[in-house]
Amino acid sequence: MSDLAGTTTANQAQRFIRRFTPAQRYMHAVLFTSFLGLAATGLPLRFRESMWARALSRLVGGFGAILFMHKFFAIILSIAFLIHVKEIIQRGIINREKGIFWGPTSMVANWKDVKDVIAHMRWFIGLGPKPEFERYAYWEKFDYWAVFWGMVVIGFSGYAMWFAPFFAHFLPGWALNAVLVIHSEEALLAILFIFSIHFVNTHIRPDSFPMDMVIFTGVESEEEFKHKRTLEYKRMQAAGKLEARLGEAPGSYQVRFSKIVGFIAIFIGLTLLVLTLTSYFGS
Amino acid sequence: MRTARNFLACSIALALAALVLLTASCVAKPPPDCLACHDDKTAQDSAGKSINVDGKLFHSSIHGSMGCSNCHADIKAFPHPDKIKPVDCKSCHADEAAGLVGSVHSNEAEHPCTSCHGDAHQIVPKTDPRSAVYPLNVPKTCGKCHGDNGMAEKHGLAKVFPKYIDSIHGYALDKEGLLVAANCQSCHGSHHILSRKDPLSPTNKINIPKTCGSCHAGIDAEYALGIHSKALAKGNTNAPVCTDCHTAHEILHPTDSEFRMQSTPICGSCHKEMLSTYHDTFHSQLGALGGYVETARCWDCHGAHDIRPTADPLSPVNPANLIATCGKCHSGANASFVKYQPHANAYNRTLSPGLYFVRLFMNILLISVLSFFMLHTILWLVRARYNQIKHKDQNGGK
């Protein structure tokens, strides 16, 4: 795979390719901030018997305070979700923008993703070459849909608990029992997934270690872009659109700020992961 | 005539005055010769023990009108022997003495009357605020032995005084000065205190409702209608009485958050399955983290004193009453809302089938997603690191 090392650009000044728009970066910031907030205020409830849950609860002023913050972050995340859905409808349906629902730049899974999963895993164990990826690789699409589905499921079950008498108008009685199980299990899955799988796949794996800055700065070096999203790079080059995707190199202040924010987020996430795992296997 | 009448009046008055003085000197005063020695504050016997009697306090005591020899009957002459017999209170106080027979304090040597009533020469009526057995002083008096000053430990007694004094009864007595507040003897009696194991004791489990009911009559009447009272009457001594939920000495106000937190596990000590399923629900989870105890506890739904079986139309958890019961907290509760199972069990397919399958699906989803990606990620990590080292595969310009 040494041909992917990008030796051709080594002598040139490093160029940066835009991957995320500012709106997408802010959306991710709102998403992970509210997700961390929801996890930090939801986990103590799930593991209410553990010492750390009680200590945290005492620290912030008991369950009343925890519930207030949980609902606060829930509303923030709900608004972000609605803005995102509106964006999809606007771009995909109203503006009929190409590449939203299908094609190489879409988040929707396609046949190539299925082949990629198999090929990638064959490469893991040395049975084939490493597949090349488009703008969104299959694990990135999974991340996206896991969060999308998670927000629908956790959000709905959360609001059903919050406004139980209202939801009882159209939900059967047993569903009011089920929403707590759904909310808590799906949230646990989301927390375990984000703080272990997403962190490793996106940030900690050797290709990105210690953190993939592209979601914070919006750009990645041409070399990295070519290495990670080879097919998109080739497609851009073939269509002569690469120049249009060029962005400015991120300022050092921007990188430093992003690193601080990112590492804090990862630190909180990993702390919550450890607490979750100790409580889960401790009880 | 006038002078004669005056003279007669004066004579009568003088005679009356003399009579009063004479009576007073004969009856109200002990023979002055006892106090001549014993009123001396430094008076000691040969063993160095004080034998002082404060004459002033003695006169104002309930026994102040009596002569010394009324109690110290063995002293006939002066000087009297160094060793005199202990005073036998029961020679006058026969009823109290009869009460003490068979009581936990029956051993006269260990529990002389003075251990509760105080210095024999200063005893005042129990209605006098100075009395050691004045209602407001009773807990302190009993607490001398049943407190935390080491006495209780030494004799294997319960250290109840600190618990009592912080309880709702102790607060009413000590802080609000209420004579009607229950003190030790309101429940335990005074002279005829029996072990709670004795079926005749007012603190024996069987008798507790009656004992508490002597003040809390309304609650006792309610309790009598409930399933616990009926079980007790049938001889099931596991059925709870007042003290099982409220405790005996540390009784808290039932709206206290501490009480709301501590009493649910008490119900659960018998109703184990119900407590376990309750713990799985939102009602319980909200309270577990403190500072939020408004959510339903057992008695908020089931009633407290007159708990009835669900089938009883008067039970608040009878299906016909659920909308009203749930509606106490959940305004807008409707027929579908009250189908919520406050004791649902996600692992019980027959009791909660919907919940059972939802839980099963969620568990399978969680395990399969995490297992697949765990394997995927570990293999990927190993392979990517291997490529970096073996093939000098760069990490994309990093």
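How much area do chain B and chain A bury between them, and what share of it lies on carbon and sulfur atoms? In this predicted model, local features require a pLDDT of at least 70 and side-chain atom pairs count only at pLDDT 80 or more, whereas totals for chains, interfaces and linings use all residues. Residues are numbered from 1 along each chain as its sequence is written, chains are lettered from A and ligands numbered from 1 in the order in which they are written, and side-chain values use heavy atoms, with hydrogens and water left out.

Chain B and chain A bury about 5000 Å² between them, 71% of it on carbon and sulfur atoms; buried area is the accessible area (1.4 Å probe) that two parts lose on being put together, summed over both. The interface brings 51 residues of chain B into contact with 61 residues of chain A, contact meaning heavy atoms within 4.5 Å.

The C-alpha trace of chain A spans about 60 × 40 × 40 Å along its principal axes.

Helix α1 (residues 22-46) and helix α3 (residues 62-94) of chain A have axes that come within 9 Å and cross at roughly 150°. Axes are lines fitted to C-alpha atoms, for helices over the stretch in contact, and angles run from 0 to 180 degrees between N-to-C directions. The crossing angle therefore makes α1(A) roughly antiparallel to α3(A), a term for angles over 145 degrees. Among the residues that meet are A:Met27 and A:Leu31 in α1(A), and A:Phe63 and A:Phe73 in α3(A). By class, this contact of α1(A) with α3(A) has 15 nonpolar, seven polar and no charged residues; Ala, Val, Leu, Ile, Met, Phe, Trp, Tyr, Cys and Pro count as nonpolar, Asp, Glu, Lys and Arg as charged, and the others, Gly among them, as polar.

A:Arg91 and A:Glu87 are separated by about one helical turn, because they are four residues apart in helix α3 of chain A.

Note on methods: Helix = DSSP H or I, 4+ residues; strand = E, 2+ residues; numbered from the N terminus. Parallel < 35°, antiparallel > 145°, perpendicular 65-115°, else oblique.
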